[in-house]
Amino acid sequence: MQVIKERIVIDYDLPESAIKIEPDTDLKEQLATLSEAPALIFDFSNYEEGRPYSQTRQLRTRFGFTGDIVALGARKDNVAMIERCGANIISAHEKYSADDLLPFFEEITDYYQPNY
Amino acid sequence: MYQYNKHDQQSIEQRAAQFRGQVERFKTGDIDEDEFRALRLRNGLYYQIHAHMLRIAIPYGVVNANQMRMFGHICRTYDKGYGHFTTRQNLQINWPELEDVPSILEELATVQVHAIQTSGNCIRNITSDHLAGIATDEIEDPRPYCEILRHWSTFHPEFNWLPRKFKFAVTGAIEDRAAVQWHDIGLRLVKNDDGEVGFQVLVGGGMGRTPVIGKVICEFLEKRYIKSYVESILRVYNLHGRRDNKYKARIKILVNAMGIDTFRQEVEAEWELLKQDPSLWLEQEEIDAMKAQFEHPDESPKVSSSIEGIAVKDNNYDLWLSRNVEQTHVLDGYCATFISLKAQGEAPGDATSEQMEAIADIAEKFSRSEIRVTHEQNLVLPYVKTSELYALWMELNKHELATPNIGTLNDMICCPGLDFCSLANATTIPLAAAINERFNDLDELHNIGNIKLKMSGCMNACGHHHAGHIGILGVDKKGKEWYQITLGGSAENDSALGKRLGPAVKKEELVGALDTILNVYLEKRQQDESFQESVNRLGIEPFKEQVYASH
Ligand code: SF4
């Protein structure tokens, strides 16, 4: 599939052993399994579902996950937040192509949260 | 007050441009109705019964004269010539056209004002004490911390899609004028036994359908950790707050369900790591730099002192002095003056464009160009020389801004109700007018004394009825408007939930019921006892007996 990685559109094959994380998955409980996975998948297509933002952030910081964090369903107005919270592989919502999203990373160029 | 740097200015300009893009993409169908709703809400734009409503942020209620003048201009140019100051110290305009909103935001940005995060399920405008920085009972000025937290919360990528809205209030004074116990997070600057100043952190307070008074989650938090600590609270809430039912989605429900101790454990588990992140530390340098932004604005020369020294014989002026002027002030020869936005016949909190412009001029002349918005929907001129009070009063009078009713029954908090709000069960503004009309005798009002009347048009409690000494809640009974009365609520240090007096009363009976309640108080009060003190001493029984006996 076409995804954005480091703000460049590339082809990406989802590793077979990638694990899909639900918004109510308790990361701490499954940490042993999850930290072995090459990629974890988060679905952002439900616009108002805010948990994946905290989950990805937690994985990157508190749980030190270094594999791919794959975000599905990104749109123009949340793609920058998704990236800032730790996803490194971003796939667009079905109504957009990955290219459509590229200009929207920089609508706001400077943030107040240096840690994100 | 805080002056934007280049970066702050750029952010709000970029946000205005971003919103213009969002409106355009909505028009071309690139984003659908639901998506646009989520986006416009995060920029303060509602769609209500008749039209759009735009909520403009006034961070912790501090406004300068230029900004106030701009509000007047915006209300005249893009709206119907008036605006509404809210209990969150913000300004709402009720009739802007969607197409105009990007231009409104661009104009506001020229005076360092925005509408960022004034609605939607995100961190909202942070409120504070309207006497911050000038009150004599202050441990520390809360505004620098409000501004630091405003920065921290603005465009926070993790907390833009919370289960529900999230409100902070901060106070630095002994007397709580910011209702910190009624907020999702309440912060109180306190001194510990070693004389260090830090924060007492409260969590899970809130009004609405399930009114709850906030609980202490941390008795004393070092200032250094304020950002990491609130970030931890928000993360636990974002992950665990309920999303299946919007009436159970506020943090107060989560805290109650988990219990404060378990909730604290979860927060501390997050915090363990976050507190080690130096980018989240609040260092003394940063505090000092921020404090420098809140030094008293420049003094103008020659300060004369006491009010008694000025011989003015005017009963109305005397009334105004006793009601609308706060004479204790950290600066010698100065006082704080309240501008009542509760004049007879006006909706509480409303001001016209002309009034806003007049207030801007007056603030420049009499108050070092600064104005504050109170959560009781009035304004404050924080730097008035006592020697100039009479001149100020004359000036305010010209614009109908000298109504001497601060703290009285007529100084009520009232939500927009059925006239403007699609969620309402009942009207509030016409009732506020009816109450004002019944109690229009100033001597009677002053005899009744300090009393907080708060009225909401539905259970969502935007009018804070739970925290009113007298609370009034509009309820719908088979299509008819009824009103539930509560007594004994408070939003101050003695924060309490009002107790139900009994069954709801009909619209036509409400003013009569108030009359009865106040008569019971006047009959039974001891010496200087205030209404609230009487209710606390007597309980609600004697009031109940009379109200329901006479109906
Ligand atoms: S309390 Fe109810 S009626 Fe009043 S503004 Fe809030 S939602 Fe509307």
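Okay, ground rules. This is a predicted model, so local features need pLDDT of at least 70 and side-chain atom pairs count only at pLDDT 80 or more, while totals for chains, interfaces and linings use all residues. Residues are numbered from 1 along each chain as its sequence is written, chains are lettered from A and ligands numbered from 1 in the order in which they are written, and side-chain values use heavy atoms, with hydrogens and water left out.

Let's start with chain B. We get 17 helices and 21 strands there; helices here are DSSP runs of H or I with at least four residues, strands are runs of E with at least two, and both are numbered from the N terminus. The C-alpha trace spans about 60 × 60 × 60 Å along its principal axes. For 551 residues, the expectation for a compact globule is a radius of gyration near 24 Å, and chain B comes out at 23 Å, which agrees. That radius is taken over C-alpha atoms, and the rule is 2.2 Å times the number of residues to the power 0.38.

Of those 551 residues, 64% are buried, where buried means under 20% relative accessible area, exposed means over 50%, and partly exposed is in between, using a 1.4 Å probe and protein chains only. Take the contacts in chain B with a separation of 6 or more: 68% of them come from residues 24 or more positions apart, a contact being heavy atoms within 4.5 Å. On the charge side, chain B carries 60 positive and 79 negative side chains, with the centres of the two sets 5 Å apart. Lys and Arg count as positive, Asp and Glu as negative, and His and the chain ends are not counted; each charge is placed at NZ of Lys, CZ of Arg, CG of Asp or CD of Glu.

Now, one helix to look at. The buried residues include Arg143(B), Glu147(B) and Arg150(B), along with Tyr145(B) and Trp152(B). After helix 5 comes Phe155(B), with a positive phi near 55°.

On to chain A. It has four helices and six strands, and reading along the sequence gives β-β-β-α-β-α-β-α-β-α. Its C-alpha trace spans about 35 × 35 × 25 Å along the principal axes. With 116 residues, a compact globule would sit near 13 Å in radius of gyration, and chain A has 14 Å, which agrees. Buried residues are 54% of the 116. The 12 positive and 21 negative charges of chain A have mean positions 5 Å apart.

So which residues of chain B lose the most area to chain A? First, the overall numbers: the contact takes 42 residues from chain B and 32 residues from chain A. About 3300 Å² is buried between the two, with carbon and sulfur atoms giving 49%; that is the accessible area, with a 1.4 Å probe, that the two parts lose on being put together, summed over both. And the residues are Pro157(B), Trp161(B) and Leu239(B), together 21% of what the chain B side buries.

Let me finish on Leu239(B). This leucine is found in helix 6 of chain B, residues 226-240, and is buried, with a relative accessible area of 14%. Setting aside neighbours within four places in sequence, Leu239(B) is in contact with Arg51(A), Ser54(A), Gln55(A) and Gln58(A). Within chain B, the C-alpha atoms of Leu239(B) and Leu162(B) are separated by 8.6 Å, though the two are 77 residues apart along the chain.
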